[in-house]
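Colleague: I'm new to this one, could you walk me through it?
Modeller: Gladly, have a look here to begin with.
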Amino acid sequence: MLFGLTNTLAIFCNLMNDVLYEFLDDFMVKCLDDIVVFGTSMEDHIMHSSKVLSRLGEYKSYVKKEKYELTSTKIIFLGHLVSMGQVKRTYKKLRTYWKPRLQCLN
């Protein structure tokens, strides 16, 4: 992220929208600073990941190695466990939702 700018996250989101617009909702979703690339097969996934990384490289944007996962079959994205054909809420997400409501009953 760029430091010294106001609304840095908004600027970054706009930049990623401009750079990756061709792939959005086709085989990639983006939320704030998270990018998820998906495919129907491992070959598709690797090909799509290559396209996204190439496009980022064209614009001198890079992915941190420690934050990059290739060929994951399950990920946690926006508090949900996403896997092949399934989306489930994580325990943390459920606890965040129910804890204030249960405290109101006490």
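Colleague: What is Ser61 in contact with, leaving aside its neighbours within four places in sequence?
Modeller: With those neighbours set aside, Ser61 is in contact with Met16 and Leu56, contact being heavy atoms within 4.5 Å. This is a predicted model, where local features need pLDDT of at least 70, side-chain atom pairs count only at pLDDT 80 or more, and totals for chains, interfaces and linings use all residues. Residues are numbered from 1 along each chain as its sequence is written, and side-chain values use heavy atoms, with hydrogens and water left out.
Colleague: And is Ser61 buried or exposed?
Modeller: Ser61 is buried, at a relative accessible area of 16%; buried means under 20%, exposed over 50%, and partly exposed in between, using a 1.4 Å probe and protein chains only.
Colleague: Changing topic, how many salt bridges are there in the whole structure?
Modeller: The search finds two, a salt bridge being a side-chain nitrogen of Lys or Arg within 4 Å of a carboxyl oxygen of Asp or Glu. In one of them Arg55 pairs with Glu22, with the closest N and O atoms 2.8 Å apart.
Colleague: Which parts does that pair tie together?
Modeller: Arg55 lies in helix α2 and Glu22 in the loop between α1 and β1, so the pair links parts that are 33 residues apart in sequence.
Colleague: What about Arg55 and Glu58?
Modeller: Arg55 also forms a salt bridge with Glu58, where the closest N and O atoms are 3.7 Å apart. Shared partners join Glu22, Arg55 and Glu58 into one network.

How values were computed: Helix = DSSP H or I, 4+ residues; strand = E, 2+ residues; numbered from the N terminus.
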